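Have a look at the structure first, then follow the notes below.

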Amino acid sequence: MRLLADLTLPRPELLRVQADNLALMRDAVRRSRTCTALRPHADSLTPEGLEQVPLTTRDQLAEWSVAPGAPNRITEGDIRLVLRSSGSSGRVRTLLHDRPFNERVEALGARGLCVDGLGDNPFVLNSLAPGDLFGGFGFADAVLSRRGAAVLPAGTSMPAPHLAELIADLGVTAMVGLPGYVERLMAEIPAAMLRLRTLYYLGERMSGPAADALTEAGCAVRSFAYSTTETGPIGFQCAHLTGADHHVHEDLVIAEVVDEDGRRLPDGVVGALAVTVPAETGTALVRYLVGDRASLRTADCPCGSTARVLRIGARDDVSANLDGTLVTRSMFDSALGLPPDARYQVGHGSRRGLLRLTLRGAALGGLTGEAARTALGRHQTLRKVIGSARFAGLTVDAGTAPRITTRAKAPFFWDESEED
């Protein structure tokens with residue numbers, strides 16, 4: 001597989017590199033004894049024919065990913081890293097990554113990382129959660145090291161006052177963390193956090209009051225990478241892209257925005273994001289639905305990259321069963337009049353057969369419990385929960401950040417049934 005030093009080639013040449021890498025994958029699938037899921041579609045592994053290949057869902061990958069001899073494995077053996085998705089976007093998926101995949105992940109991450117304004121050998125806190133079969137911590141460590149940073153492997157368990165001391169004593173200029181954990185630190189050690197020059201986030205987009213406060217203090221809030229456990233890096237932010245926009249690593253990633261039937265949508269139209277990762281070994285990921293909504297466009301970027309720009313939208317809807325009623329995040333967004341990227345959480349707990357809800361997060365500022373109950377009661381489905389004889393009440397806590405898991409993720413629905 002050919003990995004370019006950068007993506008500034010004229011676009012026709014960049015697409016030729018992409019096509020050559022896809023051809024290498026096509027030949028590898030044809031030779032493979034194990035890749036039975038893709039072999040019938042091998043002839044369609046071309047830029048023109050890819051749209052004819054069936055989409056790969058997260059449920060399919062969950063079924064395939066538990067054994068080395070899975071039908072989407074191009075080759076067996078040489079497995080160097082086992083990761084597991086958190087399950088926040090569907091069924092838990094176990095991923096067996098081989099050596100070439102790991103090397104490509106690190107190289108793409110390092111190529112795409114914008115370190116403008118950090119100087120030489122900057123001190124950077126790696127505040128992602130280690131362990132739990134979560135690859136983010138190791139990914140950040142490898143990428144930062146490749147870019148010449150002095151990495152502080154802080155993780156998420158170090159007491160906030162100790163982090164504040166490190167930031168002051170070493171002149172730490174940047175941090176990598178998940179939004180939920182950053183929000184917690186902004187509440188506990190705001191003065192130290194506002195000394196940072198760059199805050200890199202991984203996972204969902206960093207937005208809301210914490211991001212606004214960092215920006216106002218002169219700290220650049222940037223995506224560390226648009227990446228998934230399954231695919232590795234998909235996109236990156238140059239110095240000229242912000243928010244939800246990312247250049248696609250188009251030499252080694254093919255991004256398609258598709259409708260529900262798998263047909264490609266025109267530039268600028270929002271649809272489901274399907275990603276193909278050309279590879280000759282390990283796991284074959286072709287037209288994999290990563291679980292995000294997105295749109296694509298071609299843009300003349302001042303950075304010189306000719307790669308298309310991917311704008312990430314909302315994640316696929318998440319759901320929970322509340323007192324026998326299946327509800328989704330979009331129902332709460334609609335009832336409360338909030339956008340899909342609003343930072344809030346719905347805690348739900350059942351004690352002695354009674355259900356209580358707690359809505360928490362800064363996005364709920366100004367909303368009272370009574371107003372929230374009235375708004376939810378107007379929704380066709382949510383009124384079944386609010387109006388149930390087993391519903392014990394609702395609390396709004398806008399001053400408390402969403403709770404986070406051991407991976408520092410903040411799931412929208414938080415089960416409090418077993419909490420004291």
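The largest cavity holds about 100 Å³ of space. In its lining there are 13 residues, and those closest to the centre are His-97, Phe-101, Glu-230, Thr-283 and Leu-285. This is a predicted model, and a search of the whole structure turns up 4 cavities of 30 Å³ or more.

**The largest cavity**

- Which elements each supply at least two residues of this lining? They are strand E2, residues 94-98, and helix H3, residues 99-112.
- Strand E2 is the one that gives the most to the lining of the largest cavity, with 4 residues.
- Sorted by class, the lining of the largest cavity has 6 nonpolar, 4 polar and 3 charged residues.

**The second largest cavity**

- The second largest cavity has a volume of about 60 Å³. Its lining has 11 residues, of which Ser-65, Arg-73, Thr-94, Leu-96 and Thr-283 are the closest to the centre.
- E2 contributes the largest share of the lining of the second largest cavity, namely 3 residues.

**Helices H9 and H10**

- Two packed helices are described by the angle between their axes and the distance between the axes.
- For helix H9 (residues 329-336) and helix H10 (residues 369-377), the axes come within 8 Å and cross at roughly 115 degrees. H9 and H10 are therefore roughly perpendicular to each other.
- What is the handedness of the crossing of H9 and H10? It is right-handed.
- On the H9 side, Phe-332, Ala-335 and Leu-336 meet Ala-372, Ala-375 and Leu-376 of H10. The contact of H9 with H10 has 6 nonpolar residues, no polar and no charged ones.

**Helices H3 and H4**

- Helix H3, which also supplies at least two residues of the lining of the largest cavity, has a helix partner too: the axes of H3 and helix H4 (residues 136-146) come within 9 Å and cross at roughly 55 degrees.
- H3 and H4 are therefore oblique to each other, and H3 passes H4 in a right-handed crossing.
- From H3, the contact uses Glu-103, Val-105, Glu-106, Ala-107, Gly-109 and Ala-110, while H4 brings Phe-139, Ala-142, Val-143 and Arg-146.
- The residues of this contact between H3 and H4 divide into 6 nonpolar, 1 polar and 3 charged.

**Helices H6 and H8**

- The axes of helix H6 (residues 179-188) and helix H8 (residues 209-216) come within 9 Å, with a crossing at roughly 65 degrees.
- Is the crossing of H6 and H8 left-handed or right-handed? It is left-handed.
- Val-182, Glu-183 and Met-186 of H6 make the contact with Ala-210, Ala-213 and Leu-214 of H8.
- By class, the contact of H6 with H8 divides into 5 nonpolar residues, no polar and 1 charged.

Key
Residues numbered from 1 in each chain as written. Predicted model: local features only at pLDDT ≥ 70, side-chain atom pairs only at ≥ 80, totals over all residues. Heavy atoms only, no water. 1 Å grid on protein atoms, 1.4 Å probe; cavity = no way out; pocket = protein on both sides within 12 Å on 5 of 7 lines; lining within 4 Å. Points joined across faces, edges and corners; volume = space filled by probe spheres on them. Nonpolar A, V, L, I, M, F, W, Y, C, P; charged D, E, K, R; others polar. Axes fitted to C-alpha atoms, helices over the stretch in contact; angles between N-to-C directions. Parallel < 35°, antiparallel > 145°, perpendicular 65-115°, else oblique. Left-handed = near helix turned anticlockwise from the far one by under 90°. Contact = heavy atoms within 4.5 Å.
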